[in-house]
Amino acid sequence: MRMIKSVAAAAAATAFVCAGAAQAQEFKNVKVPQTINVVVAYSAGGSSDVLVRTALPYFEQAIQELSGQKPNMIVKNVPGAGGEVGWATMARAEADGSTIGIINLPSIAIIQASRKVPYAPYTETFVPIGVDVIDPNVITVNDQYKSLKEVMDAAKKEPGSVTIGSDGPLSDDHLGVYAIQDATDTKFAFIPYNGSAPANRAFLSKEVGVSVGNVIDYMQTKDSSVDAAILADERYAMIPDVPTFKEKTGMDVTTGGSTRGWVTLKGAPEKLVGLYRAAFERFAQNPKWQEDAKKRNVTLVEPKVGDAFGAIMKRTSDDVDRLLEYFKQGGYLK
């Protein structure tokens, strides 16, 4: 058995080397910009900034391995208006592949729906490179209730009787609340907090009975949780004991969650986009990157490259459009 495993491992390693060699041959004639500006639409030190600065050495290395050229990738922090300023800056850049960046879902879709932006529709302005950082939403119940079922029954029988808190307004958590309402024909008394930390404190102090946050928030409040479910297609590796909302209730709610993915501009050279996608996939599978990311609580998932990430962008845009009326009814959008 040990010999069989060794042979299999050797075969897999050989296949990886051969695939890498073939890719290197494919991209050796692609002209890589000497300087690649990487736009982060938030301030230095934030979660998106930490993600980019941690990933860039691995991204640069992968580009060099595949193309034989070493770019200088420079982070450009352009915060403002919840991300709009940075994404607008990126949208106005030259579409020659020298500008890439991170877009944050669903924030970019919610902002696009709430006001006129120069990158609309973002699903066409920005070309997907890849994503491996998705932090799904978790609905968590404290001991004011016995279970999630009791919460849902109460919110259906007496609309507005259940208080639910989250970071907000117009956050991925806020969108998650409306996605639950829409799928289950319930209504909560939604209380937005200025950040996840105060939302977590409100849950722990029982100011609210229910919370919608991300995986990291659940990990910080789970000792006070009597029940929880994740708003995703499948269970999440960091909290494998938490069932999906569909497992708990039979109803499918996968909207929400904080997604941070890499994009470039429409019009960038096709072969260069192909190189960026191949380099992203290569570094995303690098065990050293994965180890570094986990040390910084970056919530990694299996990489979604190119059109697979594009499908997530499209689904998020569709979800926001579908749930837009809830934001308007709540007075959060005009």
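Let me start with phenylalanine 283, which in this predicted model is buried, with a relative accessible area of 2%.

Phenylalanine 59 lies in helix α2, residues 47–67, while phenylalanine 283 lies in helix α11, residues 270–284, so that the pair links distant parts of the chain, 224 residues apart. Both of them also belong to one aromatic cluster, which is formed by Tyr58, Phe59, Trp262, Phe280, Phe283 and Trp289.

Now to another pair, tyrosine 119 and phenylalanine 126, whose ring centres are 6.1 Å apart and whose planes meet at 40°, so this pair is tilted. Are these two residues buried or exposed? Tyrosine 119 is buried, with a relative accessible area of 0%, and phenylalanine 126, at 1% relative accessibility, counts as buried. Counted by the same rule, the model holds 13 aromatic pairs.

Let me finish with threonine 244, which is placed in the loop between β9, residues 227–230, and α10, residues 245–249. Threonine 244 has a relative accessible area of 6%, and because buried means under 20%, it counts as buried. If we leave aside the neighbours within four places in sequence, threonine 244 is in contact with Ala229, Ile230, Ala232, Asp233, Glu234 and Arg235.

Notes:
Residues are numbered from 1 along each chain as its sequence is written. This is a predicted model: local features need pLDDT of at least 70, side-chain atom pairs count only at pLDDT 80 or more; totals for chains, interfaces and linings use all residues. Side-chain values use heavy atoms; hydrogens and water are left out. Rings of Phe, Tyr and Trp (its six-membered ring) pair if their centres lie within 6.5 Å; planes under 30 degrees apart count as stacked, over 60 as edge-to-face and the rest as tilted. Helices (H or I, at least four residues) and strands (E, at least two) are DSSP runs, numbered from the N terminus. Buried means under 20% relative accessible area, exposed over 50%, partly exposed in between (1.4 Å probe, protein chains only). Contact means heavy atoms within 4.5 Å.
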